[in-house]
Amino acid sequence: MTIQANKLSDQQISDDLSQLKTIAAAHMAAGKPLETKTVTVDGVELSVFANVPTNLGELYKLGLESGDQTFLVYQQERFSFAESLDLALRMARVLKEKYAIQLGDRVAICARNSPEWCMAYMAITLLGAIAVPMNSWWKSPELKYGLSDSDSKLIFLDPARLDLVQPFLDSLDVQVVMFKPEAESAFPEFYALARSVEPLSQDELNEVEIVPEDNASIMYTSGSTGMPKGVLSTHRNIINALYTWKFVKEITEILRPELLEENPEFPPALLANVPLFHVTGSHAQFLASFIYLRKFVMMYKWDAEVALKLIEQERISVFHGVPTMAWEIMQSPSFDTTDLSSLRGVQSGGAPRPPKHLNIIMQKFPDAAIPGLGYGLTETNAIGAIISGKFYASRPNSTGRPTPPVTSVKVVDEAGNTLDACGVGEICIKGATVMKGYWNNPEATAEVIKDGWFYSGDIGMLDELGFLIIMDRAKDIVIRGGENIGCAEVEYAISEHPEVSEVSVYGIPEERLGEMLCSSIMLQAGSELSSEQLTSFLSSRIATFKIPERIFFQHEQLPRIATGKIAKKELRKKTMELLGVDA
């Protein structure tokens with residue numbers, strides 16, 4: 001199979017889009033569960049789903065429709081939907097009665113993916129507290145910042161992260177619950193605590209009145225300036241994101257049965273291969289599984305060979321990760337000998353997928369494994385645009401059309417004027433999934449949210465048929481393997497080295513991970529700092545994925561633009577020419 005064989009003409013696309021619009025309208029008008037209504041939130045009129053759970057606690061109870069069905073799988077551990085909710089309700093009692101966690105309190109989680117991670121998130125949000133999933137690749141200074149900024153009262157940790165936060169725990173007065181301690185620990189263990197109490201009853205849960213506009217999570221995202229910002233989202237934001245995906249899935253399956261995920265022989269199952277501290281992992285993978293009654297299979301860490309084994313053993317129906325992962329699977333020597341017949345989707349998000357990768361996916365994966373791509377940000381709870389199947393094959397350079405029915409997308413010029421089709425400008429997103437704001441940062445919130453529209457910092461255009469094409473980023477961000485890296489944060493860390501005079505950090509294209517992080521550095525006179533020495537210096541200050549892979553030293557001042565700022569585009573172009581990288 002090739003892309004050409006699956007391409008639709010513009011007229012066919014237009015006809016299909018018209019049919020989809022008709023189907024969507026009929027779907028809502030018929031009083032289906034996914035009909036919408038209009039509400040006013042913080043003075044902004046929004047379209048929201050009408051007949052959906054009002055909070056995450058109601059979402060979790062959907063799993064009881066198949067309570068005995070396997071839900072969470074991690075190595076040798078397996079938990080049904082009912083068992084998972086039971087343990088979450090028990091931990092909710094522990095948080096409430098032992099640690100005095102109440103509505104609105106912040107509770108952090110910093111650990112590798114595990115069933116305990118999922119149950120802890122459930123327990124926190126069942127109480128109306130705010131879950132703070134922290135980047136488990138952060139180092140001590142970053143973790144201290146996140147805990148201090150969120151003012152978390154308690155943190156769930158695994159042993160590796162405990163070692164990083166131990167030095168400053170007392171100064172922040174943060175309580176600790178452990179996941180999988182490797183030896184006897186001074187801190188209590190998750191399962192021992194949970195199994196020592198009875199689960200909270202429905203009457204006790206009802207005492208905590210959690211409304212859609214209550215805060216549910218703070219997820220930290222790397223910004224273009226300084227330290228990461230905490231994205232504050234409500235229960236309504238997250239629920240509407242989950243049901244947006246369900247809505248798109250339902251209406252497209254009516255038009256194109258080949259997009260059906262389910263197969264009676266292979267019940268829904270998803271391979272969880274990205275960290276749960278990302279919206280892709282927590283929302284599109286973990287939380288959405290309650291809606292689809294889907295098995296959620298977690299990996300210890302990403303490994304293409306292990307992923308192929310799990311696809312075959314667990315009969316995975318959806319492979320969902322950053323584009324790099326599908327690429328690595330296809331390059332594996334085990335690919336051709338692995339039974340992939342259960343797959344119904346090869347989806348990705350978090351970073352662009354090169355059109356070349358799509359071509360290979362459509363040749364190598366089974367016909368039923370429909371490729372898909374999504375565009376969204378932490379600030380929009382991963383919602384923005386989505387594309388799959390023959391639409392994707394016909395528009396491989398696009399990230400899809402705005403996700404209906406509660407999301408709108410526009411492109412504006414520098415003056416904020418909405419551009420017509422094919423006009424290039426900043427991408428703006430409006431809808432019920434857009435964050436409430438940045439935690440403790442009203443100034444930064446006001447910079448990006450205007451009249452209900454979130455200004456993404458991404459540059460792109462909507463073509464004649466409404467497909468969104470991402471062209472560049474206005475913000476100084478590099479996306480490496482799905483991880484957002486704020487160049488300013490890395491520059492600050494490098495500039496702390498006494499032998500560095502000035503620094504510029506930027507990304508260049510790289511086939512496997514999307515972008516490679518590079519740095520050009522002016523050293524102090526007489527300095528002979530090496531890449532190895534600088535990497536060692538940075539290793540205790542910033543997460544490893546933020547450390548530049550290629551570092552270029554010089555004793556001359558870095559080039560400038562007319563305003564006196566460092567000419568980052570010139571440095572980027574020079575580095576690409578030096579390394580023989582095409583734009």
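Two notes before you start. The model is predicted, so local features need pLDDT of at least 70 and side-chain atom pairs count only at pLDDT 80 or more, while totals for chains, interfaces and linings use all residues. Residues are numbered from 1 along each chain as its sequence is written, and side-chain values use heavy atoms, with hydrogens and water left out.

**Exercise 1. Find the residues with the most contacts inside the largest nonpolar core.**

Step 1: A nonpolar core is a set of buried Ala, Val, Leu, Ile, Met, Phe, Trp, Tyr and Cys residues joined through side-chain atoms within 4.5 Å. Buried means under 20% relative accessible area, exposed means over 50%, and partly exposed is in between (1.4 Å probe, protein chains only).

Step 2: pick out the core. The largest one has 74 residues, and those with the most contacts inside it are Tyr60, Leu95, Tyr121, Phe156, Phe286, Leu287 and Phe296.

Step 3: look for another. A second, separate core of 26 residues includes Val73, Leu271, Val346 and Ile360.

Step 4: zoom in on Phe296. Leaving aside residues up to four places away in sequence, Phe296 touches several others, including Phe71, Val73, Cys118, Leu270, Gln285 and Phe286 (contact means heavy atoms within 4.5 Å).

**Exercise 2. Work out the strand order of the open sheet of 9 strands, and find its edges.**

Step 1: know what counts. Helices (H or I, at least four residues) and strands (E, at least two) are DSSP runs, numbered from the N terminus. Two strands pair if DSSP finds at least two bridges between them.

Step 2: read across. The order is 4-3-12-11-13-14-15-16-17, and the pairing is mixed.

Step 3: check the ends. Strand 4 (77-80) and strand 17 (401-402) are the edge strands, each pairing on one side only.

Step 4: look inside the sheet. Strand 11 (residues 269-272) and strand 12 (residues 295-298) run parallel and are joined by 4 bridges. Alanine 269 sits opposite lysine 295 of strand 12.

Step 5: Helix 4 (residues 81-97) lies across strand 3 (70-74) and strand 4, at about 90 degrees to strand 4. Axes are lines fitted to C-alpha atoms, for helices over the stretch in contact, and angles run from 0 to 180 degrees between N-to-C directions.

**Exercise 3. Describe the open sheet of 3 strands and what packs on it.**

Step 1: get the order. It goes 26-27-28, with mixed pairing. Strand 26 (500-510) and strand 28 (550-554) each have a single partner strand, so one side of each has no neighbour in the sheet.

Step 2: sort out directions. Strand 26 and strand 27 run antiparallel, joined by 10 bridges, and they form a hairpin with 3 residues between them. Strand 27 (residues 514-523) and strand 28 run parallel, with 5 bridges.

Step 3: Serine 504 stands opposite serine 520 in strand 27, and serine 519 has isoleucine 551 in strand 28 as its bridge partner.

Step 4: check burial. 9 of the 10 residues of strand 27 are buried, so strand 27 is largely enclosed by the rest of the structure.

Step 5: place the helices. Helix 18 (residues 487-495) lies across strand 26 and strand 27, at about 145 degrees to strand 26. Helix 20 (residues 568-579) touches strand 26, strand 27 and strand 28, and makes about 60 degrees with strand 26.

**Exercise 4. Classify the ring pair of tyrosine 121 and phenylalanine 286.**

Step 1: set the rules. Rings of Phe, Tyr and Trp (its six-membered ring) pair if their centres lie within 6.5 Å; planes under 30 degrees apart are stacked, over 60 edge-to-face, and the rest tilted.

Step 2: apply them. The centres are 6.1 Å apart and the planes stand at 85 degrees, so this pair is edge-to-face. Tyrosine 121 is in helix 5 (residues 115-126) and phenylalanine 286 in helix 12 (residues 279-292), 165 residues apart. Both are buried.

Step 3: follow phenylalanine 286 onward. Its pair with phenylalanine 296 is tilted, at 5.9 Å centre to centre and 40 degrees between the planes.

**Exercise 5. Is lysine 37 buried, partly exposed or exposed?**

Step 1: locate lysine 37 in strand 1 (residues 36-41).

Step 2: At 41% relative accessibility, lysine 37 counts as partly exposed.
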